[in-house]
Structure formats: structure tokens, C-alpha cells
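Please find below a colleague's note, to be read alongside the model.

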Amino acid sequence: MDSYNEEEQQPAPTFPTRKVMLVIAALFAIFVIWSIGSQLIWLILNFKEFGKLFLRPIFFEIIGGTILAIIAFVRLDILNRRSLIWWFITLIISAFKGYGAIPPNRIDFKSFKLTPTKFALWQITKVLLGMMLFRNYIFGMATYAMSQGWDPRLDLVLGVFKLPFITPPMDGVYAQANVLPMIPAITLLIGPLLAAFGTRLVILVGITQLARIFTPTSEEASGAVPFGVSWRVASFEGILSIGLFWVMFNSFFSAVIDYNTRYIIGGLAVGGILFAIFYFLDLRYSKGLSTLRRRRVTIRILSIFMIALVTGSIMAINNSVADARKVEWLGPYTSQQIAVNRYFAELDKVIEVPYDINLKVTPKSMIEEHITDNRHILNKIRLWDWEAAFAKLKPEIGLIPYVDYQDSDILRFNNTLYWSSSMKPILPETVLQADQWYAEHLVYTHVPNGFYILNANEGVIEEADQFFKQRRIYYGEGGLLSETWATYPQDREESEELGGYFYTGNGGVSLSPPLSWIFEFNFFLAYRTQTVEVLRYRDIYDRIEMLFPYFEYDFFGKKVDMFPVTDGVQTYYLMPLIVRLDTGKVPWSNNNPLVRLAGYALIDIYNGDIQIFALGDDFFSELFKDTYSEYIKTEIPEWLELQTRYPEELFEWRVGMFNYYHVTDPATFIVAKEFFEVPEGLDTYYIMSQPSGFDELEFVGLLSLELRGAKGRNLAGYMVVENDYSRLGVMTFNKVSLESDTKLLGPTATREALEKNAEFATLRTLLRTPRIGDNILYRVGEHDVYFIPVYTAGAGGVVTELGVVACVGALFTGEYYVGLGDTAEEAYRDYLTAVAKIELPIPEVPTEPEEDVEERTANILNIFEKANVTLMTPEALNPTVSYNEGMTDYVSIDQWNQTRHLVEDFISDWAIETDKILMWREGSNINFGALLNIDGITELHYITVNLEVEENPEE
């Protein structure tokens, strides 16, 4: 018994908990310092590499985030000094301390109060945290620009409060005058401010008051007083009143405004006022009361019901009337929606031209001459699509295990199209885990030969050195470029890089000990005393987005396409800078964004240097130019002008908007009978072509459009975008008349026509696993045709070759016409031969022209009037010499274009030389001339237009 007591009384062995805790705390502190140090070093290196350019977006982010966070989260109630989060934390702590039981005095949110110091520190903390939540670079840029004198015309925004209460006219002029000018202020400033104020009302007013309402006071929790109802109801009514007023206020900034919006605003206003009155009444009567009388509850419920009933009834009646008088009631608002959205996509700049799709027949005797005249087009037909080019270029990699394909782009050099496949470095699967760090950072640092080139017309693999002198990619996309950084010792005598190559570019930053140790612990182990060069942000998307986060690099789920260009020495990636602004608060926006091409970024693939070219003329581009004036250029270099390409993503988005908003008549828009759509599976084709109305072969993007919902697979026309810098982004829509008897076949119908061709059906059985390639619409002379290549192996085949080229007529009058050949020229010749068999009726000379002589004369005179040229009719002409600068016939509408071109050229060449142009008639001819005195000699330069059909023409 004694021994037991002795053992029981012996002190238990002590465990050095304090020392262990100190060790754990020390290790944790080291980890935190190391982590913070690494991030701090990374930021320092960013500044060292990019200078103030790196700080500029951070500066805008801090400005914008701070302003919005203050609006959203900072409490101004210094007397009460409440905090929902700290009150809730106090509750949780009290619950743990009390083993689930919370002291009554801790439950009462109304009595919770922070000390002045904690309250101030908490507001600062919320601003710092809120900066990340509300970071808005563009808002920060706009507010900074305002401090520098930029005027966003905020005064114009006041006009938004009258929009719901007026019925606009039946055209878009009203929106153009009243809404478009306020778009900069709404998109850049008002939208973010409304979001911040909304957050404040929800958190600092709504949730705070609800916490106050649903938690008992300390007296109620202890049972000292009964649970008060009236003041809680009054507080809830106050919240409801504020909420209704806020919804009403936001209704003025609605993306959809129509004939019912004014009644919605009125209903919300009445409800807000009514519940504000109830709030003051109940707050007055709540003193000393713990319950509400049934009558007062009934009045409030009936009030809500009556407001909703009256407002809903008015809206229902309006909708019923609008169903019967849709155009009259909805048309004015639809017109404003059309005007606003056409501005968003710059559709007013799209040129719409009627498309002549009459089937032309070239006589057999004229076929060779026609082919000779159009050989410059036939030699530029794009016969190799992306898939075929990829399959043919893939074997070029051979057995190289450390590179892979990343992307293929269509490029233009010397008016010839090429597929350029860019490479990315990858880590070979054979690299051991223990060697991975060394291989990633020091060995596989770049792609030695980063590009392969294939002629898109002939399918011939070209030597990439002919185009890109610099082919080593240190800055690109994909693979190890996006996964990790590269490094090398600064004083190295031997290179660890692929092929023993020594990087000599100016990319990256220098890291000396001990900074290099903090940046990467392996530097402490392997290069303890050496300075190392580190190449970071080697993925161009990461590099550009870090420095210029204002633009879209992921456009509707798809990366914005960049492509390689060269100045003859260095190679660059050209990336479009596309800005997309939220227009959810813009009246009649229908929630469609505003998208613009602000310019391009030119990134050196070897050094990582970035040049910015700001080319846009919209309000955001001008704002960007002002705030980045020292870093940007407004003109691209001359060598780049013939390598530009309009962004495919932006072109397709604008076409998507055009599909709806090309309709400017509200009645037609409402019934939705002329909307377009892109045929399923069709992408933009970048080709060398000479579409209708073009004077010469150009590099264009082409996208075909069908009538939305139509049963037939025919085209409503096609959109062309120009890529030469002088006309970059100019879009022309060649529109087919819906009433035309001749149909323009779509890609699906064209392929069906090819499949039905008996000669092709026989030929395809002789080909090995044929694959039908892209079917691209071309205009050769006056013939609209699709050229369709057929390959002998798919993308998975070992060898892909061109089996046959099909030329399918795009015009359908009841029969398909197909030509086949080994080349585009042979296929086109075969097509012309098939068409030449058509027996067309001999055209008869009309007894009466489509326009009379007076109308044709007026059309010509109208050209001079628009050009502000004075016409005079002389009684006699006695020039020393005369020169006829051109003559043409204008006896039918079909000859108007050639007449117009002749007259316009004459005006531009000769009208500027004199203050008047002379006009005189000679029989059926009308002449226009300029009488000039040159070195004492009176010269007459004139043109002649024949206006009438001769009754007995000479044979």
C-alpha cells in the first residue's frame, strides 16, 4: 500500500513541450519568410526585367481596387463600430468556451462594438482584401486619366433617367444621339461603381440589419423583456424599401428598355415609398410594443399585393396590345437596340454590296484565253488545308523526342500562302525523375528549329530559313515554355543547352547570391557563388497578360491566335490586342459586349522584347494611348504592313453580330425572317482571292453565311475582310437577293454535288482512303466556283498527297457542274468545258432600255454634283489639241458600274486641274472635258459616254 502511494506521488516525467513549440514556431517562421521572400524576389525581378511597365497595371489595380473596396466595405458608422465577421467570430469562440452555450450578452449584434483601434484596422484590412475582389484595371486606368484631365462626359449619363419615359422614334437616330455618347462613362466607370454600391447595400445594410433583426438582444435572451416584433418588422420594411429603390435605380441602367420599363420603375418607386412610410410608422409605434396587430399586417400584405397586381396588370395589357401591334409598340425600342449593337460591332463600317450571281458561260473557243487572263488567281488557290498540312509536316520532326507541334498558322509572303507550324519544347519521357529539374531548366531551354513551312497552294515543304532567319524559340507558347523557366550560369564556359548552344540574347534577369538561393534552393546547392541568368514568363500569353491585362487573351473560350512574322533578320509573334467591355448597364445593349481591336503586340521570340502598336480610334484605344504614351507606337513598321492579318476571333464575332443586326428595319427584325448564320462546322478561310468588286488579288478572310432557319442549304452571301494594313479590317458583305432564281450553293450542298458526280464516284474508288478537304469559294473572272482538294490519306496516314482537285460551280439553276483535274487550273478548265455545253438563249437587244436617256443622264450628272464639280455647256470648242481619256456605253443598268468608274476617274484626274468641267452632246454621246492651258497650248481632255442604242449598228 505504501509502495503504491509512493509510486502514485512520484512526479510524472516532463515533456519539453515549450522547446518543441519553439522549434515548430521557428520552422513555420522560416517557411513563411522563405515563401514571402520568394514572392518578393519574384516581384523585384519583374521590376528589374520590365521596369515601370510592370508597375503600371499594378498601379491601376491599386487605384481601382481601393476606390471600389472603400465603397463596398468601409463602414462609416464610427459611433456603433459594428462588424458582422468579428461578431460571428466572437459567437463561435464563446460557443467553444461555453461548450456550446453562448452567453446572452454575446448574442446581441446590436450591442456588439469594436474598439476604435480595432475598428480602424479592420476597415483597412477590408480595403486590402477588397482590392483583390474588386480589382479592375480599366476602372483604375479611367479614374487615373480623369485625374490627369481626361473627361469621360459623366454629365451625359444623367440622360439615362429620361429614357424609360419617352417613346423613341422608329429609327436608331435617337440612340445614336443620346446613348452612344454615354457609353464610355457607363462601361468604364458607372458599371464598376454600381457593382460596388450594390455590394455595400447587400452586406453593410441588408445582411447587417438582418443580423440585427434575427438575433435577440441581451435582455430578450435573458428573458428580462419579451421578444420585440414591431421594431424588427419596421427594420425589415426599411431594408425592403431600400432594396426596391436600388432595383428601381438600376432599372434605368437596364440592357433592355421597352414600353413596360416605365411601369416597372413606377411600381418599384411606389413600393419603396410605401414601405418607407411603413418603416417610420412602425418605428414610431414600436416603442414599448412587442407584437403587431393583425390589421397593420393585413394592410402591408395588401399593399404589396395591390402594387404587384396593378403593375403586373398594366404590363400584361401592354403585352397583349403589343402582340397585336408589335411593330408599332416594340419597333421604336428595337430600332434603338439595333443602333446600339451595330455600334458595338462597328457594323456601320461594313460595306454591303448586291451580288450578281447570274450563271456565265464562256464559249469553248474562249476558254484558254479566259484561263490565261485569270491564271494569277488559279495559281494562288489554297489546295492544302490545316489537317493535310499538319499530316505532311508531322514527319519532319522525325525521331526528335524533345519537340512537338504547338500550332499552325496561315501566313502570307510575296502574295503566296504558307502553312507555318511552330514548335514547343517538351520533356522527353526517357528523362529520369532525378534528372527532371536539370533537364527542364538547363537543357531543354528552347526549340532549335522552331518553324516548318509548307506552301499552301502546292503542298511543297519549303526551307524555313528562306523566311525566318531566326528560328530558335525561347519565347513562344506551350510545352516547357509555359510550364517552367530556363536558366544558365552567367560565366559558363560550356553550355548545357541543346546542341551546346550558348544563349546570347538580352532576355531574362541576372540573379546573384543570396537572392538566387531564395529564388530557387537548388541554386544554393549547385551555384552557391555564381550569378545565374533566369528566363521567366517564356509563354507569350503569360508575358503579355501580366504587362497588359486590359485585353482579351482568351476570347470566348478560345485563345486569341498569334502568328509569326519577320523583318528579315529577327522573328516575332504578332498578337492582336482585343478589348472587350461589359455593356450590361448600357440601355438597349441586350447584354452584348463592346469589342474593339486596339492594336497589336510584337514579341521577339529570342529576346522576349515587346513592342506595342496602338492602332484603334475608339474611346478605349485613345484612353490607352494617353496612359501608355511613352511605351507605344501608333504606326507599324513598313516591313510588317504586308504580313498583318485581321484577328479571326474578332472577325467571326463581328460576323455573328452582323447575322442579326444587319437588319435595320424593326419590322423585319421583330419577325426574324432575314437573320443569317454561319454554316455548321465552317471557319474563316484566309486566302489569296479577288472577290467581286476587287481590282486585284488580295489576302482576305472569307466566311459564308446562310439564311437562318432556311430549308435549303444555299448562301445568303459571304463576308470578306481585308488584311492589308492600309485597309485592315474593312469588311464587305456580298449579298445575294433572296428573290433570285439562281442560288448560291453553300458548302454542304457543294460537297453533296461533288459526291453525286459520276466521274468523281468512280475516281474515289481508285484513291486510297480519300479525305475531302476544305471547300473554299472563289470568284475567277465572272465565275463563282468552289475548289475542293481530295487527299489520298487522312491526318493519321503516313503520307498525305493531293489525289485530285474538284471545281464545283457555286451557282445552281437546276443542275450541278463539276470539273476534276490534277491542278486547280485543270479542274477549272474541265468545269468551264462542262458549263460551255449549256445552250443559252441569244440575248435580244431590248426595244426599250431599262432606264430612259434622261434618267441615265441624271445618274451621271449626280456624280459630278456629289463631287462638287461645276458643269458648263460651251457654245463652241476650239482647242489646239484634244485627248480622249476614255469612252464607254451606258445603255443599260448592267453598264452603270463601268460608267461610274470612268467618270470618277476622270474627276479625280482632271477636275482638280480646273474650276469647271465642260459638257456637250454629239448625237447619242455625251462628253465631259477639261480645257487646260499648258505651256501656251490649249488642251482638251475629255471622256465620252454613249447613252442610246444604235438602231442600225454597223457589222
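The numbered points that follow concern a predicted model and take up sheet pairing, a helix and nonpolar packing.

1. An open sheet of 5 strands runs in the order S11-S12-S13-S14-S15, and its pairing is mixed. Strand S11 (563-566) and strand S15 (632-633) are the edge strands; each has a single partner strand, so one side of each is left without a neighbour in the sheet.

2. S6 pairs with strand S8 (residues 532-535) in the antiparallel sense over 4 bridges, and the bridge partner of Tyr-488 in S8 is Glu-533.

3. In helix H17 (residues 386-393) the buried residues are Ala-388, Ala-389, Ala-391, Lys-392 and Leu-393. These buried residues pack against several strands, including strand S2 (403-413), strand S3 (416-425) and strand S24 (783-791).

4. The largest nonpolar core comprises 206 residues, and those with the most contacts inside it include Phe-548, Tyr-550, Phe-620, Phe-624 and Tyr-828. Apart from this core lies another, of 20 residues, among them Met-919, Ala-930, Ile-943 and Val-945.

5. Which residues does Tyr-550 touch, not counting residues up to four places away in sequence? Among them are Arg-56, Pro-57, Phe-60, Tyr-137, Val-579, Phe-620, Phe-624 and Tyr-628.

Methods:
Residues are numbered from 1 along each chain as its sequence is written. This is a predicted model: local features need pLDDT of at least 70, side-chain atom pairs count only at pLDDT 80 or more; totals for chains, interfaces and linings use all residues. Side-chain values use heavy atoms; hydrogens and water are left out. Two strands pair if DSSP finds at least two bridges between them. Helices (H or I, at least four residues) and strands (E, at least two) are DSSP runs, numbered from the N terminus. A nonpolar core is a set of buried Ala, Val, Leu, Ile, Met, Phe, Trp, Tyr and Cys residues joined through side-chain atoms within 4.5 Å. Buried means under 20% relative accessible area, exposed over 50%, partly exposed in between (1.4 Å probe, protein chains only). Contact means heavy atoms within 4.5 Å.
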